[in-house]
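Trainee: I have a model open and would like to go through it bit by bit. Can you take some questions?
Mentor: Go ahead.

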Amino acid sequence: MSRLKELCAGLPLDPLPELHPRDPKVPHAPTRLQDLTREEEKLAVQNALRYFPSKHHELLATEFAIELRTYGHIYMYRFRPTIEMRAYPISEYPAKCQAAAAIMHMIMNNLDPRVAQFPHELVTYGGNGQVFSSWAQFWLTMKYLSELTDTQTLVMYSGHPMGIFPSLTSSPRLVITNGMMVPNYSSREMYDKLFSLGVTMYGQMTAGSYCYIGPQGIVHGTTLTILNAARKHLNTNDLAGKVFVSSGLGGMSGAQAKAAVICGCVGVIAEVSEEALLKRYQQGWVMELVDNLDNLIALLRNARRRKKPLSIGYHGNIVDVWERLVIEYEAAGEVLADLGSDQTSCHNPFQGGYYPVQINYQEARDLMHQDPLKFKILVQESLCRHVKAINRLASHGLFFFDYGNAFLLEASRAGADVGRTAGLHGTKFKYPSYVQDIMGDIFSLGFGPFRWVCTSAEPSDLEKTDAIATSIIEDLTAQNVPKPIRQQYEDNGKWIREAGEHKLVVGSQARILYSDQEGRTAIALAFNKAVSDGLLKGPVVISRDHHDVSGTDSPYRETSNIYDGSALCADMAIQNVIGDSFRGATWVAIHNGGGVGWGEVINGGFGLILDGSEDAARRAKSMLAWDVSNGVSRRCWAGNENAKLAIQRTMDTEPQLKVTMPYEIEDDSLLERALHPCF
């Protein structure tokens, strides 16, 4: 408790903390590209010094200049706290309101070394998904939160705490923007420069909004994707003996190995970083480790023959795995992989998001900084080899899908044969986006990655919330609902009943469960009542991944199944955050970036604390209804049949809801006739 009070006392300035060298035992972010002029370097240091009194400038200016030139960014390592970084029980935070304490709980979870990818650089996941841009921002934010009252709002500009401003009790306690750009300047090159200057940052989706819950955050979605890919393309519900091959075990992508086992298949996930691989193995997300291709193939064949669920972490490059699978096919005529995808951070391919096969991991980390042009060439050559091997296997039975990480986009830019075509509905490739092919119709029904965090930090509270959610999902399944919705309830019921068995918790006591508007609202109200009744030892924070029905406009992922020409529009994400803010959210966040790259997506999110009060129940009911129906309505207007079904059911139960429904053209030849040359 005393350490947390110190953490909330503001920047430690008298005396300054001692400067320690970077800890070699902790994984560190790759050196960022720093292509600044001398004047821009001065500006970067000047910007950093704004956080400190002038008496410290002489010392810190030189220190920050060295950091900038050495690492490409000023992280202010001197000010990294020595406290154990984790989600402490909400009752231990020195705060004037529970909402602020809950936010501090969430922030520290995002920076927990068990959770964060590069904790000392304040990166949670995705290679560059920052919680803050520097440690000075962390200290100031914690101080502001400790002072925040129920009539104030903390405003965050791309990691920078702009300040506490007077507001209403009904207002959000926190409003976050990350990476907002004037559209004409929202390029990757401009991001690199502005991040080096310390004036913007990449919040990914849930890092910069403090809602990340570890790899569990997408494991349910990955499970649903694999299950439905098998149903649709392998014509089976039984994945025993089937093989899923992918890559990436760093942040969110760590979910792949666990999801494969939950689905009952064999998962082979390649990872170039030994640190990341061992981390997932020690956390129980990977069952077997192997660093030799011969041993990998032997292990894969054995598990495939025995139809034994198994997750294999291969320490090496995924391109080597795909090319070896081609060799095995050409030697024996047997395709050893049934399903394939990729989860490298290809939104950031030239600064550590993708490692080329031609050189080893450490050589790549050095080269990307020493000779970025040569590194880019190697990455693009590697992507072409990567795709060539996949194409060979796909022509003989492998089903490969894009998992929304910009893999096919970057491969196409590299010249790989991915069948890229452009049109009114955005860019398409020969391999479908998992949203277009599978998850888009599930989103359109209103189902998405609903989450909750038990701020007491007690595992017993999580067990109780699991039981509450299970009961509600079973009740909903028992109702007379349309077949597409019933299938989702059944899948989600199985998930939540078994969630505890799979040991998904890393960091905060959190859970994810795909649910629709009816389910989310019922679960939230039940949690709130459990807090009020004393069944739970502390409040529950609810949120969602921004990768959902309503929060994100992304033509290569979340909205890739929008076919009315509006896939490049971002009205929905902006409306989502505005609507959530005045319907009761505790905090809201809007980002440029996300998993498919800077300038390629706008995504919005929220956090809402359930403290057992009547006000919390009212907020949850009002806000969740909008948070889902906003996206379902947009998908309905774009012509999605599932969305039409879902929004009509919602209107039938809510007389105040009136959504503009599209009329369909009954005669398909009408448009051709209307546009005939004779007119």
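Trainee: Where is Pro15 placed?
Mentor: Pro15 is in the loop between α1 (2-7) and α2 (38-49). Bear in mind that this is a predicted model.

Trainee: What kind of peptide bond joins Asp14 and Pro15?
Mentor: A cis one, with omega at about 0 degrees. Most peptide bonds are trans.

Trainee: Thr31 next. Which loop is that in?
Mentor: Thr31 is found in the loop between α1 and α2.

Trainee: And what does Thr31 touch, leaving out residues up to four places away in sequence?
Mentor: Thr70, Tyr71, Gly72, Gln351 and His369.

Trainee: How far is Thr31 from Leu671?
Mentor: Their C-alpha atoms are separated by 55 Å, and the two residues are 640 residues apart along the chain.

Trainee: What about the phi of Met76?
Mentor: Phi of Met76 is near 65 degrees, which is positive in a residue other than glycine. Most residues other than glycine have a negative phi. Met76 sits in the loop between α3 (57-71) and α4 (98-110).

Trainee: Switching to strands. How do β3 and β4 pair?
Mentor: Strand β3 (residues 152-157) and strand β4 (residues 160-166) pair in the antiparallel sense over 6 bridges. One of the pairings is Val155 with Gly163 in β4.

Trainee: How many residues lie between the strands of that hairpin?
Mentor: The hairpin of β3 and β4 has 2 residues between the strands, and Ser158 takes a positive phi near 45 degrees there.

Trainee: What does UniProt list for residues 85-211?
Mentor: An unreviewed UniProt entry lists them as "domain: Urocanase N-terminal". In the model, the chain over residues 85-211 is 28% helix and 18% strand, with the end C-alpha atoms 16 Å apart.

Trainee: And residues 441-648?
Mentor: The unreviewed UniProt entry gives "domain: Urocanase C-terminal" for those. The span 441-648 is 49% helix and 17% strand, and its end C-alpha atoms lie 16 Å apart.

Trainee: Back to sheets. What is the strand order in the open sheet of 6 strands?
Mentor: The order is β8-β9-β7-β6-β10-β11, and the pairing is parallel.

Trainee: Why is one side of β8 and of β11 left without a neighbour in the sheet?
Mentor: Because β8 (288-290) and β11 (399-400) stand at the edges, and each has a single partner strand. For β8, the pairing with strand β9 (residues 310-315) is parallel and runs over 3 bridges. Val290 has Tyr314 in β9 as its bridge partner.

Trainee: Which helix lies across β6, β7, β8 and β9?
Mentor: Helix α10 (residues 293-306) lies across β6 (243-247), β7 (266-271), β8 and β9. Helix α10 runs at about 170 degrees to β9.

Trainee: Last topic, pockets. How much space lies in the second largest pocket?
Mentor: About 750 Å³. The lining of the second largest pocket has 26 residues, and Gln517, Ala625, Ser629, Thr650 and Glu654 lie nearest its centre.

Trainee: Which helices each supply at least two residues of that lining?
Mentor: α19 (517-532), α21 (614-637) and α22 (641-653) each do. The largest share of the lining, 9 residues, comes from α21.

Trainee: How do the lining residues divide into nonpolar, polar and charged?
Mentor: The lining of the second largest pocket has 11 nonpolar, 9 polar and 6 charged residues.

Definitions and conventions. Residues are numbered from 1 along each chain as its sequence is written. This is a predicted model: local features need pLDDT of at least 70, side-chain atom pairs count only at pLDDT 80 or more; totals for chains, interfaces and linings use all residues. Side-chain values use heavy atoms; hydrogens and water are left out. Two strands pair if DSSP finds at least two bridges between them. Helices (H or I, at least four residues) and strands (E, at least two) are DSSP runs, numbered from the N terminus. Contact means heavy atoms within 4.5 Å. Axes are lines fitted to C-alpha atoms, for helices over the stretch in contact, and angles run from 0 to 180 degrees between N-to-C directions. On a 1 Å grid over the protein atoms alone, a cavity is a set of points where a 1.4 Å probe fits but cannot get out, and a pocket is an open set with protein on both sides within 12 Å along at least five of seven lines; lining residues have an atom within 4 Å of a point. Grid points are joined across faces, edges and corners, and a volume is the space filled by probe spheres set on the points. Ala, Val, Leu, Ile, Met, Phe, Trp, Tyr, Cys and Pro count as nonpolar, Asp, Glu, Lys and Arg as charged, and the others, Gly among them, as polar. UniProt positions are given in the numbering used here, feature names are shortened, and annotations may be inferred rather than shown by experiment.
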